[in-house]
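Welcome! Try each task yourself, then read the solution.

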Amino acid sequence: MKSSSLLLRFVSAALLTGAAAFVPVMAQSGPAFKTLNTAQPSGSGDKVEVLEFFAYSCPHCAEMEPLVAKWVKTLPADVAFVRVPVAFNAAMQPMQQLYYSLEALDKLELHPKVFNAIHREGKKLFTKDAIVDWVKSQGIDKAAFTSAFDSFSVTAKVKRAGEVTDTYAIEGTPSFAIGGKYVTSPGMTGDYASSITQAQKLLDQVLAEKK
C-alpha cells in the first residue's frame, strides 16, 4: 500500500541523515501486488526479467538480502535477475554509483558486504570519499574504482535506474517487478518471506503465459 511504501522510503532517508534504524510492522490488508497499466519490455533479450529495487541505506533491503540471494539461485535459465539501486533524493546517488562500480569491476561479491558494513558495522557509506575508503579496505584498487565510479557508463546506468524506478512507480524499497507487468513488496504482502513467495507466483504466471 502507498502508506507503507512511503514509510519504507522514509526509513531509507532517515538512515541517510543519521536517524536511528527501526523496522516497522508491515502487515497490510490491501492487495499483495499491483499490475502496471502498460507492460514494460525486457531489457534482457528473450529472458523474463525480475527487477529488485533496493537501496543500501534501507534496513529492509539488508534484512532481505540473504533471502533474495537464496531465491535467485532457484530461478531458471530463462529468467534474468536485475538489481536496480534506487535514489529517492540526490544524497543517495553515490550508493547507486557504488553498486554499478562494483558491477563494472566484477566485484559484486561485495554487494552483501555493503549492507553489513552499513547496518551492522555502522559505517556511513553515503559519500564518495567514504565509499572509496571502504572499497580500498576490501582490496580493490582505489584508482580503478574511482575511474569506474566517475565513468560515463556508470553515470548512464544511474540515470537509467532513475528512469526505471519512475516507470514502475516505485515508492519504497525493497520492491520487486516481475516480467514487466507486476510489482510486489514486503509492504504489500506483510513480511519479507511472503513477498518472495508472491514474486515467485507472479513469475510462474508470466512464464506460463510465455509458453
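**Exercise 1: The faces of a strand**

Which residues point one way from strand 4, and which point the other way?

Solution. Keep in mind that the model is predicted.
- Step 1: Sort the side chains by direction: Ser175 and Ala177 point one way from strand 4, while Phe176 and Ile178 point the other way.
- Step 2: Recall that side chains in a regular strand alternate between the two faces of the sheet.
- Step 3: Check burial: all of these residues are buried. For Phe176, the relative accessible area is 0%.

**Exercise 2: The strand's partners**

Find the strands that pair with strand 4, and the sense in which they run.

Solution. 
- Step 1: Look towards strand 2 (residues 48-54). Strand 2 and strand 4 pair in the antiparallel sense, over four bridges.
- Step 2: Turn to strand 5 (residues 182-184), which is antiparallel to strand 4 and joined to it by three bridges. Here Ile178 has Tyr182 as its bridge partner in strand 5.
- Step 3: Follow the chain from strand 4 to strand 5: the two form a hairpin with three residues between them. In the turn, Gly179 has a positive phi of about 60°.

**Exercise 3: Rings that meet**

Describe how the rings of Phe53 and Tyr168 are arranged, then do likewise for Trp71 and Phe176.

Solution. 
- Step 1: Start with the count, which comes to nine aromatic pairs.
- Step 2: Take Phe53 and Tyr168, a tilted pair with 5.7 Å from centre to centre and 55° between the planes. Phe53 belongs to strand 2 and Tyr168 to the loop between helix 7 (152-167) and strand 4 (175-178), so the pair ties together parts that are 115 residues apart in sequence.
- Step 3: Ask about burial. Phe53 counts as buried because its relative accessibility is 0%, and Tyr168 counts as buried at 6%.
- Step 4: Move to Trp71 and Phe176. Their ring centres are 6.0 Å apart and their planes stand at 90°, so this pair is edge-to-face. Trp71 lies in helix 2 (residues 59-72) and Phe176 in strand 4, so parts 105 residues apart in sequence are tied together. Trp71 is buried as well, with a relative accessible area of 7%.
- Step 5: Look for a cluster: ring pairs link Phe54, Tyr56, Tyr99, Tyr100 and Phe115.

**Exercise 4: Inside the cores**

Which element gives the largest share of the largest nonpolar core?

Solution. 
- Step 1: This core has 41 residues, and among those that touch the most other members are Phe53, Tyr56, Leu102 and Tyr168.
- Step 2: Elements giving two or more residues to it include strand 2, helix 2, helix 3 (93-104) and helix 7. The largest share, five residues, comes from helix 3.
- Step 3: Zoom in on Leu102. Beyond its neighbours within four places in sequence, its contacts include Tyr56, Val114, Ile140 and Phe145.
- Step 4: Look for the second, separate core, which has 18 residues, among them Trp71, Phe81, Ile178 and Ala199.

**Exercise 5: How confident is the model?**

Over which residues does pLDDT stay under 50?

Solution. 
- Step 1: Begin with the whole chain: the mean pLDDT is 89, and 86% of residues reach 70 or more.
- Step 2: Find the stretches in question: pLDDT stays under 50 over residues 1-8 and over residues 10-15.

Technical notes. Residues are numbered from 1 along each chain as its sequence is written. This is a predicted model: local features need pLDDT of at least 70, side-chain atom pairs count only at pLDDT 80 or more; totals for chains, interfaces and linings use all residues. Side-chain values use heavy atoms; hydrogens and water are left out. pLDDT is the predictor's confidence in each residue, from 0 to 100. Contact means heavy atoms within 4.5 Å. Rings of Phe, Tyr and Trp (its six-membered ring) pair if their centres lie within 6.5 Å; planes under 30 degrees apart count as stacked, over 60 as edge-to-face and the rest as tilted. Buried means under 20% relative accessible area, exposed over 50%, partly exposed in between (1.4 Å probe, protein chains only). A nonpolar core is a set of buried Ala, Val, Leu, Ile, Met, Phe, Trp, Tyr and Cys residues joined through side-chain atoms within 4.5 Å. Two strands pair if DSSP finds at least two bridges between them.
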